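Hello,

Here is the structure I promised to pass on. Have a look at it first, and my notes follow below.

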Amino acid sequence: MKVANVEILKRIPAFSQLKEADIQEISKITIERSFRKGAIIFMEGDPGEAFYFIKSGKVKVYKTTPDGREHIFTILSEGGVFAEVTLFNEIPYPASAEVLEDAEIGMIKNKELEDLIRRNAEIALQIIKVFSKKLFSSQQKVKELALGDTYMRIAKTLITFAEDHGVKTSNGIEIRLNISRQELANMIGTARETVSRALSQFKKEGSIDIEGKKIIIKNMEKLESWV
């Protein structure tokens, strides 16, 4: 068991409130794997045998539509958990996961975690709480896609990126996420041209600045006013 692995597990929301002894038990069943940028961790339809957490790097979770278009559900960095939907369910992965930056990934086999949960009610309760919050967040995203204004959705996505991947600099909050306009459009569910127009509008009003693929939030209040 690696001490560093225990420290990372403590920072994961699903495990952060657990006792040290419980986290050590989870660490014992964790498998560590390294992935290079562009690697596919699993494909939609593969047997759902494990869920994952990110120790370092970035991962996108996406689904490919029948006509070949890509819809990005989320982009995750250190501490992010994905594929947990297969826990307690014998179902295939409902989406695919691809590495955006070289990553160190922790993998926990569903069967081994389920066996541990049966022996420890505290672990079970904490995991259920966190996954319930994620389900609510997913439901809110579906609602926004159905009812929300496109510019509002783009602004809200940038705010989320700032919270999850932002670094404060002298120029503002720099979003450290190498994502293309097309990938952003796929994530929001709109056209690339619409994203470009929205970003231009946000830049014109002084909410953001753009340097290549880099986006810097200059005025968070202005950006939040779109939400």
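A definition to begin with: axes here are lines fitted to C-alpha atoms, for helices over the stretch in contact, and angles run from 0 to 180 degrees between N-to-C directions. Helices (H or I, at least four residues) and strands (E, at least two) are DSSP runs, numbered from the N terminus.

This is a predicted model, in which local features need pLDDT of at least 70 and side-chain atom pairs count only at pLDDT 80 or more, while totals for chains, interfaces and linings use all residues. Residues are numbered from 1 along each chain as its sequence is written, and side-chain values use heavy atoms, without hydrogens and water.

Confidence comes next. Mean pLDDT (the predictor's confidence in each residue, from 0 to 100) is 84 for the protein, with 90% of residues at 70 or more. Where pLDDT is low, the predicted coordinates should not be read in detail.

Now the helix pair. The axes of helix 6 (residues 181-188) and helix 7 (residues 192-204) come within 8 Å and cross at roughly 105°, which makes the two roughly perpendicular (a word used for 65 to 115 degrees). Touching residues (heavy atoms within 4.5 Å) include Leu184 of helix 6 and Leu199 of helix 7.

Finally, Leu113 is in contact with Ile29, Phe51, Leu87, Ile108 and Ile127, leaving aside neighbours within four places in sequence.

Enjoy exploring!

Note on methods: Angles under 35 degrees count as roughly parallel, over 145 as roughly antiparallel, 65 to 115 as roughly perpendicular and the rest as oblique.
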